[in-house]
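I opened this notebook to record what I looked up, one topic at a time.

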Amino acid sequence: MARVRQERAEITRQAILDGAAIAFDHAGFGGTSLSDVVKHAGVTKGALYFHFQSKEALARTLMDEQFQVSEGVPAIENPGLQTVIDLTHQMAFGLRTNVRIRAGIRLVIEFGSFTNPDPTPYNTWIDTCHGCLTPAQERGDVLPSLDVYDLSTFLVGSFTGIQVTSHVRTGRDDLHTRVIDLWNLLLPGIVPAHRIPHFDPAGSPECRAELVLPA
């Protein structure tokens, strides 16, 4: 019986997160009320408060959803530059297809811009990229003259700007193309010339197959 209650509680929690994602994606943090969340989630306010004490707690949970994209990185035996390229496409795919990730990223940008800015999500992505690019540089795939932490910071900032621009201009329909542009322009400046053919700006074959992207 306890297990059944736990399962029902988890179903309700997920429904609340789905409803919150729809509301935040549409109107942002300031434009969303808990009544909006309840309406989209199909639950009572009591159920919402049982799982989340505030609108900010909901927002913080959704902001963390983005990191599901990188949760497999620690299991990769030899992470490197192609890992980071694939992550940018995986995040692009998430932004185009997953309302929770889309809402979470909107919230990150809102929370991280002007009022009480929170750098934590950006720093987490920078650390993830740094963890992949450090062994890449040790293998000779990244120029030895580069500071890989600075490079990681640049990549996270560049992707953020690209995805926002793509959202405004095309509703992110062209986001994968713009990510390919980023890597086509960047690789000659960060990779030794003889190593460039080893990396695919469009994503590895495994990444393209997983996301059903054109070869």
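I began with Cys132, which is buried (under 20% relative accessible area, with over 50% counted as exposed and partly exposed in between, for a 1.4 Å probe and protein chains only), as its relative accessible area is 1%. Cys129 also counts as buried, at 8% relative accessibility.

I noted that this is a predicted model, in which local features need pLDDT of at least 70, side-chain atom pairs count only at pLDDT 80 or more, and totals for chains, interfaces and linings use all residues. Residues are numbered from 1 along each chain as its sequence is written, and side-chain values use heavy atoms, with hydrogens and water left out.

I then searched for disulfides (pairs of cysteine sulfur atoms within 2.5 Å) and found zero. Cys129 is in no disulfide, and its nearest cysteine sulfur, that of Cys132, is 6.8 Å away.

Next I turned to helix H5, residues 81-97; helices here are DSSP runs (H or I, at least four residues), numbered from the N terminus. The expected span is 1.5 Å times one less than the number of residues, so the 17 residues of H5 should span 24 Å, and the 25 Å between its end C-alpha atoms agrees. I recorded that 14 of the 17 residues of H5 are buried.

Finally, I looked up how H5 packs against helix H9 (residues 175-190): the angle is about 160° and the axes are 10 Å apart. Axes are lines fitted to C-alpha atoms over the stretch in contact, and angles run from 0 to 180 degrees between N-to-C directions. H5 is therefore roughly antiparallel to H9 (an angle over 145 degrees).

Note on methods. Helix = DSSP H or I, 4+ residues; strand = E, 2+ residues; numbered from the N terminus. Parallel < 35°, antiparallel > 145°, perpendicular 65-115°, else oblique.
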